[in-house]
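Look at the structure shown here and follow one chain through its parts.

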Amino acid sequence: MVTESPANGGSCIAHHEGRVVFVRYALPGERVRVRVTVDRGSYWHAEVLEVIEPSPDRIESLCPIAGVHGAGCCDLAFARPSAARAIKAAVVANQLERLGGHSWSGEAEPLSDSGPTGWRTRVRLEVGGDGRPGFHRYHSDDLVTDLRCGQLPSGMLDGLDTADWRAGAQLQVAVDDVGERHVVSTSKQGKRHIATVVEGGYHAVQRVGSRQWRIPVTAFWQAHRDAARVYSALVAQWAQPASGATAWDLYGGAGVFGAALADAVGETGRVLTVDTSRGSSGAARAALADLPQVEIVTDSVRRALAAQRDGADVAVLDPPRAGAGREVIDRLAAAGVPRIVHIGCEAASFARDIGLYRDLGYLVEKLRVFDAFPLTHHVECVALLTHPKMGG
């Protein structure tokens, strides 16, 4: 069969006898032989067995362990990096048009000039029944115990493939901004989750500008070494809260964006940063302790917003893959927030959220798409939304 346009999730669309087929490990315009992996009746999922007529954008895989018979880590490692970015931009544009009612024709930008490999500084490994750590195959419990993933810098996992780990455990590995490697093993024992520091410490040192965070290795931090710096600068540029303003940092993690907002509003302003993770909130309290204008709340965004008596001049949202959703976005509009910076790491949920904003009268003033996860189909999208009737 011949593949057509790219689909969200890393596949290409093809057709066979009137049925839609989502083909993994293919590029648009290729003639391929496939194996059907899932039959949904009206559509199939399939994976490439043989490339009969390759795209000129197909290259030798930049990840030695990824592919049909390998790990699910790098599902676009066989695409020329510029072509992979074009595919991602096309997917985002399609999702925005279909789910958000918004026309966009931009490009997926490299997050930095560091290249498509060796960019990841945090990774989680699963330990199999044989005590060896590895990466999952795509949609499988099976593990690939070759640890040479193309996303990882050289040496990041050295020595971890030879140890006898506890079966069923997870290994959280981080290389921080002072170059130290931290390895923490987590496992469930009865009803308890036990974390054991194997190397380094439980906290990794991360830096953005002149400020420093100590982040639990098990807590969230941006995977790409340049992501926190790039996003923080963009949030500061787009949010533009005035001195004395009120800003909300929602799904705020360790408060990286909260710090940027606090610098802008000054001590006469107010920043509320909200996250459900106790580890992330604890890191935020320690890192932002010198900023009296910052209030840190450990709770769901929905409940935190319901507790606010007054609105905000600007809100920054960085929700998980599922997006913010209708209830949170409705609350932002009801609170009269005129200016919103919304970040999304999944194209469909980001596009859906954009549509929800537009239904409430918000305008998409700016939108950028970053290739923040090279070798994979994942992207990071950032939008600036303003509401003309709220003074945005």
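Gly266 comes directly after helix 3 and has a positive phi, near 70°. Helices here (H or I, at least four residues) and strands (E, at least two) are DSSP runs, numbered from the N terminus. Of the 10 residues in helix 3, eight are buried, so the helix is mostly covered. Buried means under 20% relative accessible area, exposed means over 50%, and partly exposed lies in between (1.4 Å probe, protein chains only). Among the buried residues of helix 3 are Val256, Phe257, Leu261 and Val265.

The model is predicted: local features need pLDDT of at least 70, side-chain atom pairs count only at pLDDT 80 or more, and totals for chains, interfaces and linings use all residues. Residues are numbered from 1 along each chain as its sequence is written, and side-chain values use heavy atoms, with hydrogens and water left out.

A nonpolar core is a set of buried Ala, Val, Leu, Ile, Met, Phe, Trp, Tyr and Cys residues joined through side-chain atoms within 4.5 Å. The largest one has 42 residues, and Trp213, Trp221, Tyr231, Val235 and Val341 touch the most other members.

A second, separate core has 40 residues, among them Trp104, Ala108, Ile340 and Phe350.

The domain assignment gives domain 1 (2–58), domain 2 (97–113 + 225–386) and domain 3 (122–216). These bounds come from an automatic or database domain assignment. The C-alpha centres of domain 2 and domain 3 lie 28 Å apart. Between these two domains, 17 residues of domain 2 are in contact with 10 residues of domain 3. Together they bury about 860 Å², 66% of it on carbon and sulfur atoms. Buried area is the accessible area (1.4 Å probe) that two parts lose on being put together, summed over both. One salt bridge is found across this interface. A salt bridge is a side-chain nitrogen of Lys or Arg within 4 Å of a carboxyl oxygen of Asp or Glu.

Next come the positions taken from a UniProt record. UniProt positions use the numbering used here, feature names are shortened, and annotations may be inferred rather than shown by experiment. In the unreviewed entry, the annotation "binding site" covers Gln222, Tyr251, Asp275 and Asp318. Tyr251 sits in the loop between strand 14 (246–250) and helix 3 (256–265). Asp318 sits in the loop between strand 17 (314–317) and helix 6 (325–334). Are these two residues buried or exposed? Tyr251 is buried at 18% relative accessible area, and Asp318 is buried at 15%. Beyond its sequence neighbours within four places, Asp318 is in contact with residues including Gln222, Tyr251 and Glu380. Tyr251 in turn touches Asp275 and Asp318, among others.

The unreviewed UniProt entry also places the feature "active site" at Cys345. Cys345 lies in the loop between strand 18 and helix 7 (347–359) and is buried, with a relative accessible area of 18%.

The last topic is charge. Side chains of opposite charge can pair when their charged atoms come close. The whole structure has 17 salt bridges. One of them joins Arg33 and Glu50, whose closest N and O atoms are 3.2 Å apart. Arg33 is in strand 3 (residues 31–39) and Glu50 in strand 4 (residues 43–53), so the pair ties together parts that are 17 residues apart in sequence. Arg33 is partly exposed at 44%, and Glu50 is partly exposed at 38%. Another salt bridge joins Glu327 and Arg331 (3.6 Å, N to O). These two are four residues apart in helix 6, so about one helical turn separates them.

Conventions. Contact means heavy atoms within 4.5 Å.
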